[in-house]
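Please take me through this structure stop by stop. At each stop, tell me what to select and what is there.

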There are 2 protein chains.
Amino acid sequence: MKVEAKLNPTYEEIVDIFNRALSKEAIVNIFAHCRVFYDGRAKSELGPGDRVILIKPDGSFLIHQKEKREPVNWQPPGSSVGLEVKEDKIFLRSIRRKPREILEVELLNVYLISYFQAEDYEELALTGSEAEMADLIFENPSLIEDGFKPLFKEKPIKHGIVDVLGVDKEGNIVILELKRRRADLHAVSQLKRYVEAMREEHEKVRGILVAPSLTSGAKKLLEKEGLEFRKLTPPKRGKSKRGRQKTLFD
Amino acid sequence: MKVEAKLNPTYEEIVDIFNRALSKEAIVNIFAHCRVFYDGRAKSELGPGDRVILIKPDGSFLIHQKEKREPVNWQPPGSSVGLEVKEDKIFLRSIRRKPREILEVELLNVYLISYFQAEDYEELALTGSEAEMADLIFENPSLIEDGFKPLFKEKPIKHGIVDVLGVDKEGNIVILELKRRRADLHAVSQLKRYVEAMREEHEKVRGILVAPSLTSGAKKLLEKEGLEFRKLTPPKRGKSKRGRQKTLFD
DNA sequence: CGTGCCAGGTGCCGT
DNA sequence: ACGGCACTTGGCACG
């Protein structure tokens, strides 16, 4: 069976279904009233409440409250999960090694347990990333400025890795730091670090922050440091047609 | 009913259960074979496959494949969800405004639809954060060095916000950048930015990176810049009587 | 593996 | 809202 679901299961049914799900490498889904304990890189406690628990066959373990995109507690892929019944209590326990982390869920009441032997061979195809900004600049360097010649992508230097390294028409070394979204102080610091590292060994080095926009603070720091800005929005490459993104949702 | 679940539902049952879930502000959980389209800050497409869909009453929308901690597609809290049946096809659509983003799920087959009217009044209590490192330093400044006097926490300066600002026994201004985990190049850049900003207006300014450890690159840059390092691991404060605070006093 | 860095980052808290 | 930043960040690519 690819999917199974049981409302208000007994302890025996929970154990039974859980083990069957594990053997099938299915995704386990539990609606439960529970308490949660975590100890590892940090440590946390969560009192009794209703949550959704998701356990994936790769060891990922998610506990979701009824709000927010983020799980309140979790365990990353590679963790090992187990179910334990002792003294009229039932626990889910997930252990990660390196770093050692333990997630423990006391199931006070299980409203629903289900599993899903999911078959999925598709991968996400995403466009509009920073990497595509770099590609775009290599295809059309004049987007930065007339005479700009990009030479390296993801080039390791003394203290970090430069997004794009090139030269301008006057022979200056040009360092580009790309941001797919509005650039902040962090981005300026990053660019400054690269520029200073290159200036240790070269005469004329320019630094250009390339992004759709700048925060106010980033603009101030950029100007103070004598760095530059070029406005550029990451492209959304259409799979088939060159048209705008209106094709699907209008 | 607090929980409801239907295996292999008809279109009508899907609509029925989905609407009931919405009116109860329940969490909706769907096991489905589906395709996914997203357009917003970026744009993506995901071909047919089995996924778990979670829709929360706050508008959060998660689509999980069978691996990884992260959803393959999602919509953040505040988004509006709708279910639409047209021409023998059934779609889930979630819209976010500001920025405008659309997530569309074509449900090719629904194995299970369930909802959970979760009641939860508990919040996570977590310890071992960077904020607690700051508290610890204010309680025991000699952890940094003898004679250190912390003055401000989260102090806004010219180009950013300093974690801890204080003075040493010789009257130098001291800037602390705290990291709860191994500090990297980014952390050093951050500290350097604060130190340089303060040096514009003060004579003697020291910068100290406070973290459990340093990456090799961070160490190199830190030394080159004349910045300092103090080893400190974020404390895990025991909530109850079980004094697990050994790390504090040994 | 550790190092470095992007992410549709998310979430929190300030002005 | 915009800004600055932490996060059990997660995930990836590369040496």
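Two terms come before the first stop: axes are lines fitted to C-alpha atoms, for helices over the stretch in contact, and angles run from 0 to 180 degrees between N-to-C directions. Helices (H or I, at least four residues) and strands (E, at least two) are DSSP runs, numbered from the N terminus. This is a predicted model, in which local features need pLDDT of at least 70 and side-chain atom pairs count only at pLDDT 80 or more, while totals for chains, interfaces and linings use all residues. Residues are numbered from 1 along each chain as its sequence is written, chains are lettered from A and ligands numbered from 1 in the order in which they are written, and side-chain values use heavy atoms, with hydrogens and water left out.

**Stop 1: two helices of chain A**

Select α3(A) and helix α4 (residues 216-224) of chain A, whose axes lie 8 Å apart at an angle of about 25 degrees. α3(A) is therefore roughly parallel to α4(A) (angles under 35 degrees count as roughly parallel, over 145 as roughly antiparallel, 65 to 115 as roughly perpendicular and the rest as oblique). Now show the side of α3(A) that makes the contact, A:L185, A:V188 and A:L191, and its partners A:G217, A:A218, A:L221 and A:L222 of α4(A). Contact means heavy atoms within 4.5 Å. Coloured by class, the contact of α3(A) with α4(A) has 6 nonpolar residues, 1 polar and no charged. Ala, Val, Leu, Ile, Met, Phe, Trp, Tyr, Cys and Pro count as nonpolar, Asp, Glu, Lys and Arg as charged, and the others, Gly among them, as polar.

**Stop 2: across to chain B**

On α3(A) the contact uses A:L185, A:H186, A:S189, A:K192, A:R193 and A:E196, and on α3(B) it uses B:L185, B:H186, B:S189, B:K192, B:R193 and B:E196. The classes in this contact of α3(A) with α3(B) are 2 nonpolar, 4 polar and 6 charged residues.

**Stop 3: a helix against strands**

Select helix α2 (residues 130-139) of chain A and pick out its buried residues, A:E132, A:M133, A:A134, A:L136 and A:I137. Buried means under 20% relative accessible area, exposed over 50%, partly exposed in between (1.4 Å probe, protein chains only). Which strands do the buried residues of α2(A) pack against? They are β9 (125-127), β10 (149-157), β11 (160-167), β12 (173-178) and β13 (205-211) of chain A.

**Stop 4: the pockets**

Rolling a probe the size of a water molecule over the atoms shows where empty space is left. On a 1 Å grid over the protein atoms alone, a cavity is a set of points where a 1.4 Å probe fits but cannot get out, and a pocket is an open set with protein on both sides within 12 Å along at least five of seven lines; lining residues have an atom within 4 Å of a point. Grid points are joined across faces, edges and corners, and a volume is the space filled by probe spheres set on the points.

The largest pocket holds about 830 Å³ of space. It has 34 lining residues, and those closest to its centre are A:G40, A:R41, A:A42, B:R180 and B:K236. Its lining divides into 16 nonpolar, 7 polar and 11 charged residues.

Move to the second largest pocket, with about 650 Å³ of space. Of its 27 lining residues, A:L124, A:L126, B:Y38, B:V72 and B:W74 lie nearest its centre. Strand β5 (residues 73-75) of chain B gives the largest share of this lining, 3 residues.

**Stop 5: backbone details**

Most residues other than glycine have a negative phi, and most peptide bonds are trans. Select A:K98 and A:P99, which are joined by a cis peptide bond with omega about -5 degrees. A:P99 sits in the loop between β7 (89-96) and β8 (101-116) of chain A. In chain B, a cis peptide bond joins B:K98 and B:P99, with omega about -5 degrees.

Next select A:N8, in the loop between β1 (3-7) and α1 (11-23) of chain A. A:N8 is not glycine, yet its phi is positive, near 40 degrees. Its relative accessibility is 53%, so A:N8 counts as exposed.
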